[in-house]
Amino acid sequence: MVRRPTPGDLGDSPGPYPDLSLIREPGVMNPTLFGVCGGQRGEFGSVTLMLEPLRRIAAYAVCVNSVGQVLLVRASQRSGTPGTWSLPGGAVDHGEDPCDTVVRETAAETGLSVSVAALTDVLADMRALPERGITIHTDRLLYQVSVRGGTLADRVDQPTDLARWFTLEQARELPLRSFTARALGLSASSADIVPDEPPEFPSFYAVEGPDGLHRAQRFAAYAVVTDPDERVLLTRVSDGYPGAGCWHLPGGGTDYGEQPGTALIRELVEETGQTGRLVELLGVASHRDAASLGPEGYPIDWHGVRAFYRVVVDRPAPPTVIDVGGSTCEARWFEKEELGALPVDRLTEVTAEAVQAARLT
């Protein structure tokens with residue numbers, strides 16, 4: 001029997017309450033394996049399938065100074081990957097905006113105060129830690145930042161112990177985490193163990209918080225979808241779900257072991273019957289509903305972190321909801337004028353934010 005993991009198993013800021021039992025509901029899994037992990041595969045398959053799966057959301061700083069050096073931190077013996085170097089950052093706390101996570105974590109790990117300039121990438125990776133009995137899926141948000149002040153400082157008895165500036169040539173010779181190498185445009189081999197198959201994991205889970213209210217933190221990917229005539233595709237939320245009756249963006253939660261872009265194209269087909277192509281990443285929205293009530297039937301302190309993308313459907317078809325009985329009850333193409341005429345209370349919060357970011361109204 002594999003023991004229940006504790007915060008110390010992750011080492012690098014695991015997120016809210018990973019040591020408490022999960023309240024799980026069955027979900028249909030349709031995983032797509034990672035294409036950017038760079039870790040070891042194959043010989044660990046039979047072992048990693050027995051590990052306890054965890055998920056978390058994390059945010060990181062890509063910080064380059066005036067002479068072209070990048071800021072990196074070293075994982076200590078208290079982390080899951082001791083001796084490796086990565087971007088400053090860590091887990092997004094429940095209800096926390098990822099931008100605030102970047103500033104907070106960078107200050108804690110390096111002693112520097114930074115300001116966030118832009119979101120640069122969103123990616124996911126999965127690694128197994130057999131010696132600790134866990135497999136971790138992390139959705140990572142990467143932000144470009146600049147230093148406002150402070151003094152570079154080392155740490156003692158923390159998951160990271162050193163913070164240093166490196167040229168790209170110097171960084172290339174370091175043992176980099178895979179997501180860090182990708183962010184810097186470098187190739188790197190990783191010592192991470194990547195399971196051949198993602199473990200079984202529910203599409204929804206909640207944990208009990210210190211106040212007795214259940215909490216759920218979920219990462220999702222959504223699309224601002226247009227066709228060659230510049231129509232916009234929206235979906236309507238089914239009864240019994242938060243935002244029932246409102247128009248929403250196509251998309252939804254990502255599966256364990258799935259990249260955001262892959263999840264988004266899959267959800268687009270399931271919810272609307274359309275085949276699209278990713279054009280660009282527009283941004284990330286962080287929304288918290290302190291007492292959301294959905295089909296679970298009990299209040300949940302819900303925190304959703306949602307990446308939204310621009311997607312084009314080159315050959316539009318009449319929208320068809322293929323995944324009948326889920327959170328989507330209708331899909332429809334809107335002319336720009338129709339979209340602009342919709343009352344704000346007929347759109348979900350993330351939809352209004354994404355449409356504005358895409359300059360569609």
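L141 is in contact (heavy atoms within 4.5 Å) with A58, A59, Y60, P98, L119, D121, V122, F219, V284 and V305, leaving aside its neighbours within four places in sequence. This is a predicted model in which local features need pLDDT of at least 70 and side-chain atom pairs count only at pLDDT 80 or more, while totals for chains, interfaces and linings use all residues. Residues are numbered from 1 along each chain as its sequence is written, and side-chain values use heavy atoms, with hydrogens and water left out.

**Nonpolar cores**
- A nonpolar core is a set of buried Ala, Val, Leu, Ile, Met, Phe, Trp, Tyr and Cys residues joined through side-chain atoms within 4.5 Å, where buried means under 20% relative accessible area, exposed over 50% and partly exposed in between (1.4 Å probe, protein chains only).
- In the largest nonpolar core, which has 27 residues, L141 and V225 touch the most other members.
- This core draws at least three residues from each of domain 1 (52-184) and domain 2 (215-358), with bounds that come from an automatic or database domain assignment.

**Salt bridges**
- A salt bridge is a side-chain nitrogen of Lys or Arg within 4 Å of a carboxyl oxygen of Asp or Glu, and by this rule the count comes to 19.
- The side chains of R310 and E230 form one of them, at 3.9 Å from N to O; R310 is buried at 15% relative accessibility, whereas E230 is partly exposed at 33%.
- D255 and R266 are joined by a salt bridge at 3.8 Å, N to O, and both belong to a network of salt bridges that also links E258, E267 and E270.
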